[in-house]
Amino acid sequence: MKASLTRIGAVTNKEFKHLLRDVRTLAAVVLLPVIQLLLFAYAISFDVDNVPTMVIDYDKTPASSEYVRAYDASSFFKVVAHGDTLNQVDTAFDANTARVAVVIPAGFGETIAAGDKAQVAVLIDGSEPNSAKISQAYSVALNQLYDQSMTKSWAASQGLDLSGIGALEPRVRTWYNPERNSTIFLIPGLMAVIIAIVTVQQTAVTLVRERALGTEEQLLVSPMRRTELMVGKLLPWTLIAFIDVVMVILLGMAVFGVPLRGTPLVLALGSALFVFASLGMGLLISAVAPSAETANIMALMIAFLPSFLLSGLAFPLDQIPVVLQWFSGIFPARYMVTISRGVFLKGSGFAELWPELLTLAGYALVMVLVAARLYGRKARA
Amino acid sequence: MQSTSPGTSAISARGLHKSFGTTEAVIDLDLDVATGAVYGLLGPDGAGKSTLIRMIATVLTPDAGAAEVFGHSVTDQRGKVTPRIGYMSQRFSMYPDLSVAENLEFFATVRGVSRADRNSRAKSLLESMGLAEFANRQAQHLSGGMKQKLMLASTLMHSPDLLLLDEPTTGVDPVSRREFWRILAGLHREGRTVLVATPYMDEAERCTHIAFLDRGRIRQSGTPEQIKAQVPGRLLEVASAEPRRTLAAVVALPGVDSAHLFGDLVRVLWTGAADPIEALTAGLGGTDASLTVRTANIDMETVFAYLAENAPADAAAVSS
């Protein structure tokens, strides 16, 4: 037992030396998470506002001007241009100077004055589906509101009192993230992706490297066991992954105001299990990959992309095809994203998150054992 | 060191066989290396030297056959074999970004050498090999010869009884090669057994035993003297102004077994009954006034050239 710990210690010590002498890798594992966090939080926001809007007013009456002001007044639309013909919409959409166009037909004012239903055309650039969808929803809502206020003012002008008429007014409240701020939603999930990248990518090349250097043979003639080598290699990366996690959490809370509503203990346990599962996955790649290049690409394919696309980080899992939903189950990132969001945003604890924690624990164990097994089979062949 | 009484077997292999795909690297090979021997494995690239050494070093599993190191199986008792062997692979296999001292420290630690022994052995090994002043230099910045010495030092840190060295001097300058063999001679005096592969025929002279490998099989084995004794006759060197013409003339003479160019000299293997110096001087005389004939010692180069020419058909391709 003591001899075993000595060997593991020697490997860990050596791995730290490799890392400290490799400035590029060191910079990558420390700076990458921060850069990614800033990128996601600032650049890759899913929030939509100030959508450039073009107005083509064929009516040119006080009624149409008032209608246009409703768009200008909302923070969602920003009227950037006024046009005279529909052709200008095409040009503006092509040049990306506008994403939404509001076309008010001639006779708009007259129709309203007559108490009839007036029609306006709202054209939306659908090439960016997310903002197109939201633009559509906003313009429908805006028109409904405008419709209501017009009805009221029309009734008042006719001397009618509408206050006696029953009406349904929905009061919608969003829980956990009331402003529906996508940064707050993204950062807890981002934590999982950052851990996956740092750990899987780096450990993926570590055993391949021993083989490429020829040092693997020297280790084979020593009494060191395969699992000792793996554990020794995992420890430094576990520490670095934890530093990254803490860094992302602190940045997320301090700079972006992400709330931490649950117990940090559950988050720490979840992170630890996820780190081990990811490292195990990296070792598995390392054990089977013939070269460092292959290991890198495999790490990208099975760690980065799935944890990005199939974890629920960017796209809700219940909105992706069923087959992909099953597929996402074999990558540990989705469990971590659930745990992270649960703890951060919903204040969930062991009672709610034990299935995910248990899955990650099993995953980590299986990965390291399978990696040790496959690594051993590859040697001495 | 344990049980190093002379005469007991350090390596005993029977029917070792290993193929890679369709290539048979080692074929039904038997090998016996006595404790205390410096056993040279000679042969061209691809002869199977590395494969044989790697199987004995436990890092490669044979397809068939068995090998024992100090009486322990290299396949079923690896744990008993590895503490007593030091294996040096053909290619440089230390961590390039670790220093000389750190490499020694790491490999000795995983091999279970105590801290006190690690420090004292690293110090004395580095000093005896002239590496002391480079202890803190990263391995990647060492010269070829120094790299080989670092590898040898690393294989000696746990004081093994048997050294398995796979072409330790290939690609190393002549001075470093001599230096390396001086260190091996010291290890031999300490009673350690050495199995060393080399493509250099001159290094065979420094071995107590040699085996010549070609295409997976041992073609010849024995002491250097026994091997040399297989060459009949005497070796002579003929110096002349025009060696090529002399060579053409020499092979036609009766009593000459074979002849070849050796630098500016013509080397002649004489199996005739007459005195070779007289016969050759007489046979070639008159054509060249500067012609001189003298006897030379048969060296390994000549032995393997002879053996190659007189080998069975399937072992014809022998080179140095």
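These legends describe several close-up views of a predicted model.

Residues are numbered from 1 along each chain as its sequence is written, and chains are lettered from A, with ligands numbered from 1, in the order in which they are written. In this predicted model, local features need pLDDT of at least 70, side-chain atom pairs count only at pLDDT 80 or more, and totals for chains, interfaces and linings use all residues, while side-chain values use heavy atoms, with hydrogens and water left out.

**View 1. The interface of chain A and chain B.**
On the chain A side, 25 residues are in contact with 29 residues of chain B. Contact here means heavy atoms within 4.5 Å. The size of an interface is often given as the accessible area lost when the parts come together. Between chain A and chain B, about 2400 Å² is buried. Buried area is the accessible area (1.4 Å probe) that two parts lose on being put together, summed over both. Carbon and sulfur atoms give 57% of the area between the two chains.

Four salt bridges are counted between chain A and chain B. A salt bridge is a side-chain nitrogen of Lys or Arg within 4 Å of a carboxyl oxygen of Asp or Glu. K17(A) forms a salt bridge with E102(B). The closest N and O atoms of K17(A) and E102(B) are 3.9 Å apart.

Which helices of chain A each supply at least two residues of the side that touches chain B? They are α1 (2-21), α7 (182-213) and α8 (215-220). Helices (H or I, at least four residues) and strands (E, at least two) are DSSP runs, numbered from the N terminus. With eight residues, α1(A) gives the most to this side of chain A. The residues on this side divide into 10 nonpolar, six polar and nine charged. Ala, Val, Leu, Ile, Met, Phe, Trp, Tyr, Cys and Pro count as nonpolar, Asp, Glu, Lys and Arg as charged, and the others, Gly among them, as polar.

Q218(A) sits in helix α8 of chain A. Is Q218(A) buried or exposed? Q218(A) is buried, because its relative accessible area is 5%. Buried means under 20% relative accessible area, exposed over 50%, and partly exposed in between (1.4 Å probe, protein chains only). Not counting residues up to four places away in sequence, Q218(A) touches Y87(B), M88(B), S89(B), S93(B) and F107(B).

K14(A) forms a salt bridge with E15(A), and their closest N and O atoms are 3.0 Å apart. Both K14(A) and E15(A) are buried. K233(A) forms a salt bridge with E210(A), with the closest N and O atoms 3.1 Å apart. K233(A) lies in helix α9 (residues 226-256) and E210(A) in helix α7 of chain A, so the pair ties together parts that are 23 residues apart in sequence. K233(A) is buried, at 1% relative accessible area. E210(A) is buried too, at 2%. Salt bridges that share partners join K14(A), E15(A), E210(A) and K233(A) into one network.

**View 2. The salt bridge of R225(A) and E228(A).**
R225(A) forms a salt bridge with E228(A). Their closest N and O atoms are 2.7 Å apart. E228(A) is buried, with a relative accessible area of 3%.

**View 3. S311(A) in a loop.**
S311(A) lies between α11 (292-309) and α12 (322-328) of chain A, in the loop. S311(A) counts as buried, because its relative accessibility is 2%. Leaving aside neighbours within four places in sequence, S311(A) is in contact with P306(A), L317(A), A333(A), R334(A) and V337(A).

Most residues other than glycine have a negative phi. K60(A) is not a glycine, yet has a positive phi of about 55 degrees. K60(A) is in the loop between β1 (51-57) and α3 (62-73) of chain A. At 61% relative accessibility, K60(A) counts as exposed. R215(B), also not a glycine, has a positive phi of about 45 degrees. R215(B) is in the loop between β9 (209-214) and β10 (217-222) of chain B. R215(B) counts as partly exposed, at 40% relative accessibility.
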